[in-house]
Amino acid sequence: MEDTWIDHKNVTWKVPQIRGRLKCGKCPSHAALREFIIYRAGGICQICNKYQATVADHIISRRNGGSHHPDNLQAACQSCNSRKAGLIDTKYKNYRLKCQE
C-alpha cells in the first residue's frame, strides 16, 4: 500500500518518493504539498513565528533520513530555512537559544 496524504482541499496525494528536493514547479503533487504545509501553519514560519512562510521545510532533513511526508514538514520563512540547513529541528531550536543568551 502506498503512503498517501489528504490536503486541505480534500484531495488525496501520494507522498513524493524522490531523493532530492521538493521541486514545486515540476510536479503538481510537490506544489500541492508545499501549499498544504504553508496553509496548515496559517502562513506563518513555525520556527521563528514571526515571518511569512514561503518554504516547506523538513523537520528531519532528507540527509538525516527524513521523508517528504506532511508529518515531517513544517512551514518556514526563507531566512530560518537557510540558517537551519541540515540540522534536526530540535537541535536548531537549541542552537538558536544558545545564540540568544
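**Note on the predicted model**

1. The protein exposes about 6,600 Å², of which carbon and sulfur atoms supply 51%; accessible areas come from the Shrake-Rupley method with a 1.4 Å probe, and for residues only the protein chains shown count as cover. This is a predicted model, in which local features need pLDDT of at least 70 and side-chain atom pairs count only at pLDDT 80 or more, while totals for chains, interfaces and linings use all residues. Residues are numbered from 1 along each chain as its sequence is written, and side-chain values use heavy atoms, with hydrogens and water left out.

2. The protein contains 3 helices and 4 strands, in the order β-β-α-β-β-α-α from the N terminus. Helices (H or I, at least four residues) and strands (E, at least two) are DSSP runs, numbered from the N terminus.

3. Of the 101 residues, 39% are buried, where buried means under 20% relative accessible area with a 1.4 Å probe, protein chains only. Among contacts (heavy atoms within 4.5 Å) between residues at least 6 apart in sequence, 48% join residues at least 24 apart.

4. The largest nonpolar core has 12 residues, including Trp5, Val15, Phe36, Ile37 and Leu73. Such a core is a set of buried Ala, Val, Leu, Ile, Met, Phe, Trp, Tyr and Cys residues joined through side-chain atoms within 4.5 Å. Helix α1 (28-40) and strand β4 (73-76) each supply at least two residues of this core, and the largest share, 5 residues, comes from α1. Ala32, a member of this core, is in contact with Trp5 and Trp13 when its neighbours within four places in sequence are left aside. Apart from this core lies another, of 6 residues, among them Cys45, Cys48, Ala76 and Cys80.

5. The disulfide count is 0, a disulfide being a pair of cysteine sulfur atoms within 2.5 Å. The sulfur of Cys77 has its closest cysteine sulfur in Cys80, at 3.6 Å, which is too far for a bond. Both residues are buried: Cys77 has a relative accessible area of 4%, and Cys80 one of 1%.

6. His58 lies in strand β3 (residues 55-58) and counts as buried, at 12% relative accessibility. Its side chain makes a polar contact with the side chain of His68 (2.8 Å). A polar contact is a pair of N or O atoms within 3.5 Å; within protein, one must be able to donate a hydrogen and the other to accept it, and residues adjacent in sequence count only if both atoms are side-chain atoms. Leaving aside neighbours within four places in sequence, His58 is in contact with Ser67, His68, Asn72, Leu73 and Lys84.

How values were computed
Buried < 20%, exposed > 50% of the residue type's maximum accessible area, 1.4 Å probe, protein only.
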